Amino acid sequence: MKHPELIDLYSDYLLTSFGLSSAVGMSKMLDGEYSHDQISRFLAQTTLTPLDYWKAIKPIVRKVEQDDGVIAVDDFIIDKPHSTENDIICYHFDHKVNRNVKGINVISFLYHTALDESQSIELPVSYEIVSKPVKYKDPVTNQEKRRSEVTKNELVRERLSVLARKNRIKFSTVLWDTWYSSNDNFDYVHKELSKYFVGALKSNRQVALSKSEKLQGKFQSVSAINLEPQSRIEVWIKGLDFPVYLTKQVFTNRDESTGELYLVSNRKEYTYEQQIMIYQKRWKVEQFHKSTKQNAALAKSPTKYEVTQSNHIFCSVIAYVKLELLKIKHCTNHFAIKGKLYLKAVQAAFKELQNLKPKGTGLTLKAQTEMPLLANL
């Protein structure tokens, strides 16, 4: 890995930056110790890979990993509506808003485990930047579009294989939402990795209520099953040759409407409560996405090229790991740490302003009360 000291400095800069993160801005912050050209060349070096990332965080993972750890899989999009299009900055379908958006699509693999009764740790153990190098003409609109050489589900299976077999991370369960609840993913985790999964199903997913009904082709949508409250039943998903265990959670939204969440797992020993509880840990990956964007400047890089954007993302995820370790050390949260940094920055700016003002020109508190500066504007 080239320039590890700059990775450390740049990720620190991302945590202390409150606007766009640029080579010029970092150089000024360091009083020119590194020129903006040096920082730009660092970002434009050979693309930092998930293997480089693993080497950086491996010592931390080894200290906290446990056999009952879980890996939550999800993806998110860094909006780049005005950036020049390339293999990674292009249009991706965002299933959260149900339309195509221009940006960078990142698949994250967040490791979660408890440290004690009161604290847990959430570490991104890997990530994949979706690349779409293949250009083609849409037969309907005749417009040029892009596609990947592999699907996101294939990327997920490849990365889980690396995490389990090469990196040998201790974990028991993989969590994902409906987007990744494909039969291929279920089958791979169950048979190839010999791990458990808990995944969400769409309400129209076809299942049979017994093996005999499966063999007879008697399938029905999960929404048509009359599940008793807090019950858990064995079902056979169409296309899978092993049973899974289905639960239905009914929840109330903020607008007081109700929703239903169907969850399946290949772990027979779970109770209803355990299956619901372990899936709730998947929410940690959403918090990771939010914190990396808001606290680690993930989406605030003006870099234009594929390699510089990729390396910025690498450093931003490293910055998140630093925040997570500070969270554990100080028993607080990411936003409180960022707020403390912001307060210190404002205090330093206020102090510097007082130093810049000519002596004797300031108004006393009494004078400011009697004669506000803006009273006559």
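Predicted model: local features only at pLDDT ≥ 70, side-chain atom pairs only at ≥ 80, totals over all residues.

Student: Why does Asn311 count as buried?

Tutor: Buried means under 20% relative accessible area, exposed over 50%, and partly exposed in between, with a 1.4 Å probe and protein chains only. Asn311 counts as buried because its relative accessibility is 0%. Its place is in helix 10 (residues 306-330); helices (H or I, at least four residues) and strands (E, at least two) are DSSP runs, numbered from the N terminus.

Student: Which residues does Asn311 touch, not counting those up to four places away in sequence?

Tutor: A contact means heavy atoms within 4.5 Å. With that exclusion, Asn311 touches Phe42, Leu43, Gln45, Thr46, Thr47 and Leu48. Polar contacts are read separately: a pair of N or O atoms within 3.5 Å, where within protein one must be able to donate a hydrogen and the other to accept it, and residues adjacent in sequence count only if both atoms are side-chain atoms. The side chain of Asn311 reaches the backbone oxygen of Leu43 at 2.8 Å, and a polar atom of that side chain lies 3.4 Å from the backbone oxygen of Gln45.

Student: How many salt bridges are there?

Tutor: A salt bridge is a side-chain nitrogen of Lys or Arg within 4 Å of a carboxyl oxygen of Asp or Glu. The count comes to 17 salt bridges. One of them joins the side chains of Asp74 and Arg282, at 3.4 Å from N to O. This pair links distant parts of the chain, 208 residues apart: Asp74 is in strand 1 (residues 70-79), and Arg282 is in the loop between helix 8 (272-280) and helix 9 (283-295). Asp74 is buried at 0% relative accessibility, and Arg282 is buried at 9%.

Student: Which residues of helix 5 are buried?

Tutor: Among them are Leu155, Val156, Leu160 and Leu163. The buried residues of helix 5 pack against several elements, including helix 4 (50-64), strand 1 and helix 6 (183-192). To read the length of a helix, one compares it with the expected span, 1.5 Å times one less than its number of residues. Helix 5 (residues 152-166) has 15 residues and reaches 20 Å from its first C-alpha to its last, close to the 21 Å expected.

Student: How many aromatic pairs does the structure hold?

Tutor: A pair of aromatic rings is described by the distance of the centres and the angle of the planes. Rings of Phe, Tyr and Trp (its six-membered ring) pair if their centres lie within 6.5 Å; planes under 30 degrees apart count as stacked, over 60 as edge-to-face and the rest as tilted. The structure holds ten aromatic pairs. Tyr10 and Tyr13 form a tilted pair, because their planes stand at 50 degrees, with the centres 6.1 Å apart. Both lie in helix 1 (residues 4-16), three residues apart, about one turn of the helix. Phe18 and Tyr342 form an edge-to-face pair, 5.1 Å centre to centre and 75 degrees between the planes.

Technical notes. Residues numbered from 1 in each chain as written. Heavy atoms only, no water.
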